[in-house]
Structure formats: C-alpha cells, structure tokens
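Welcome! Take a moment to look at the sequence and the 3D view below, and then we will walk through some features together.

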Amino acid sequence: MGVALGEVPEYRKKASVTPIFEKGKKEDPGNYRLVSLTSISGKVMEYLILETISRHMKDKKITRSSHHGFTKGKSCLTNLITFYDEMSGLVDEGRAVDIVLLDFRKAFDPVSHKILIEKLLMYGLDEQTVRWTENWLNGWAQRVVISSSAKSSWKTVTSGVPQGSIPDPVLFIIFINDLDDGAECAPGQFADDTKLGRAADTPEGHAAI
C-alpha cells in the first residue's frame with residue numbers, strides 16, 4: 001500500500017547508524033565508515049523499488065558504459081582493465097598520456113535530494129516510483145549506536161543516500177551518471193572513484209584533461 005500511494009511510514013525512515021572501522025587510528029572518527037541499519041520490512045520495500053529503478057535504467061540503457069561499480073557483470077577489475085587497455089594503447093602508439101584520478105570525499109553523504117529527484121524524473125522513471133523515493137528520503141532520521149547503552153538522539157538527515165539501504169548504490173550512480181558530460185577524454189568510474197585519461201602530446205590535448 002505504501003508503494004502504491006508513494007508514501008513511506010515514519011518508522012521506516014529511521015536508521016541506527018553503526019560505525020565500522022576501516023583503517024588508521026581507531027581514535028580518529030574519520031577512519032570509520034557509517035552503515036545504516038534499517039527495519040526488515042523497510043528493506044523489502046526498498047528491494048522492490050530497487051528492482052523497478054534498475055530495470056528501467058537497464059531497459060532504457062541510461063547508465064553510462066564508463067560506470068563499473070554496482071553494475072551487473074562489471075567490477076573493479078573490469079574498470080581497471082578497460083581503462084588500462086585504452087591508455088596503454090595510446091602509449092604503444094608513442095603518445096604521451098595525462099591521467100587524472102578523482103575521489104569524492106564522503107561521496108554518499110552530500111548527495112542533494114532535490115537534484116537526485118530531478119534526475120530520476122529526467123531519466124523517465126514513473127511518477128509513482130519517484131514520489132516514493134522522494135517521500136522515503138524526506139524526513140529521514142538517524143542516530144548513532146555504539147552499543148545497547150550508548151546511543152545518540154535522533155537527527156533529521158537533509159542530504160545523502162542512506163548507506164546500508166538497498167537502493168543507495170543505484171541512486172548514487174544515477175546522481176553521478178552525467179559526470180563525464182562534455183569530457184573529451186576516456187573516463188573510468190567505480191563508485192566514487194573516477195579516472196580521466198587522454199593523449200596529451202599536443203598543447204590542446206594537455207589542456208583538455
């Protein structure tokens with residue numbers, strides 16, 4: 001019923017965020033990745049929405065071929081092989097190559113809800129799915145849970161896609177799908193890591209990167 005109405009119950013808009021240590025000093029909060037733990041019933045609905053969005057993106061061939069993250073049949077390895085093949089081909093021709101590596105800091109967190117919804121509409125998602133996604137994002141609240149006795153108060157989240165939720169990878173891909181628009185170079189993308197490369201054996205080629 002919630003999907004049909006494009007509405008999400010308030011209790012399904014709450015997540016307990018658990019910090020997972022990645023690397024570095026454990027005393028530094030910046031060395032932890034935050035994962036949102038949501039309700040089981042909410043995840044079932046999220047999965048249905050993910051299926052709808054993913055099917056539309058695949059049928060309409062919307063996702064750029066340069067994307068390798070969160071894409072069926074692609075991986076970090078296919079990303080590296082494809083980009084390496086293109087760049088090494090230029091080097092084999094005796095040409096100079098410029099490569100720029102980009103990494104978005106806290107990539108999932110600053111995603112604008114407004115821009116994301118605009119892009120869902122731009123890519124032709126049905127109104128019902130877009131309305132549900134917008135309602136799901138608006139009013140999202142979370143708290144940090146360290147242990148059963150150490151919990152923060154609830155805070156409203158005004159940007160970002162909830163990490164740990166089912167649709168968050170595909171929503172992030174949609175948000176950055178047009179990142180390489182107008183780029184006169186070979187892009188390679190895996191999640192929030194982007195590589196740009198092209199021949200740079202002329203002043204024009206070097207400037208274009």
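E22 and R33 form a salt bridge, with their closest N and O atoms 3.4 Å apart. This pair links distant parts of the chain: E22 sits in the loop between strand 1 (14-21) and strand 2 (32-37), while R33 belongs to strand 2, eleven residues apart. R33 has a relative accessible area of 38%, so R33 counts as partly exposed.

Please keep in mind that this is a predicted model. The structure holds eight salt bridges, and we will visit some others below.

## The chain as a whole

Let us step back for a moment. The protein chain has seven helices and eight strands. Its C-alpha atoms fill a box of roughly 60 × 45 × 30 Å, taken along the principal axes.

Of the 209 residues in the protein chain, 39% count as buried. Among contacts between residues at least 6 apart in sequence, 68% join residues at least 24 apart.

## Salt bridges around R64

D181 forms a salt bridge with R64, and here the closest N and O atoms are 2.6 Å apart. D181 lies in the loop between helix 6 (168-175) and strand 7 (186-190), and R64 in the loop between helix 2 and helix 3 (76-92), so this pair ties together parts of the chain that are 117 residues apart in sequence.

Another residue joins in: R64, D180 and D181 are linked in a network of salt bridges. With a relative accessible area of 26%, R64 is partly exposed.

How open to the surroundings are they? R131 is partly exposed, with a relative accessible area of 32%. E127 is exposed, because its relative accessible area of 60% is over the cut-off of 50%.

## Helix 2 against helix 5

Now look at helix 2 (residues 40-59) and helix 5 (residues 127-137), which pack at an angle of about 135° with their axes 11 Å apart. That angle makes helix 2 oblique to helix 5. The crossing of these two helices, helix 2 and helix 5, is left-handed.

Which residues make the contact? From helix 2 come M45, E46, I49, T52 and I53, and from helix 5 come T129, W132, T133 and W136. Sorted by class, the contact of helix 2 with helix 5 has five nonpolar, three polar and one charged residues.

## Helix 2 against helix 6

Helix 2 also packs with helix 6, at an angle of about 40° and with the axes 10 Å apart. This makes helix 2 oblique to helix 6. Helix 2 passes helix 6 in a left-handed crossing.

On the helix 2 side you will find L50, I53, S54 and M57, which meet V170, L171 and I174 in helix 6. The residues in the contact of helix 2 with helix 6 divide into six nonpolar, one polar and no charged.

## K14 and its contacts

K14 lies in strand 1 and is partly exposed, with a relative accessible area of 38%. Which residues does K14 touch, not counting residues up to four places away in sequence? They are L37, T38, A141 and W154.

K14 and L37 are 23 residues apart along the chain, and their C-alpha atoms are separated by 8.6 Å.

## L77 and W140

Our last stop is L77, which lies in helix 3. L77 is exposed, with a relative accessible area of 55%. How far apart are L77 and W140 in sequence and in space? They are 63 residues apart in sequence, and 35 Å apart in space from C-alpha to C-alpha.

Conventions
Residues are numbered from 1 along each chain as its sequence is written. This is a predicted model: local features need pLDDT of at least 70, side-chain atom pairs count only at pLDDT 80 or more; totals for chains, interfaces and linings use all residues. Side-chain values use heavy atoms; hydrogens and water are left out. Axes are lines fitted to C-alpha atoms, for helices over the stretch in contact, and angles run from 0 to 180 degrees between N-to-C directions. Helices (H or I, at least four residues) and strands (E, at least two) are DSSP runs, numbered from the N terminus. Angles under 35 degrees count as roughly parallel, over 145 as roughly antiparallel, 65 to 115 as roughly perpendicular and the rest as oblique. A crossing is left-handed if the near helix is turned anticlockwise from the far one by less than a right angle, and right-handed if clockwise. Contact means heavy atoms within 4.5 Å. Ala, Val, Leu, Ile, Met, Phe, Trp, Tyr, Cys and Pro count as nonpolar, Asp, Glu, Lys and Arg as charged, and the others, Gly among them, as polar. A salt bridge is a side-chain nitrogen of Lys or Arg within 4 Å of a carboxyl oxygen of Asp or Glu. Buried means under 20% relative accessible area, exposed over 50%, partly exposed in between (1.4 Å probe, protein chains only).
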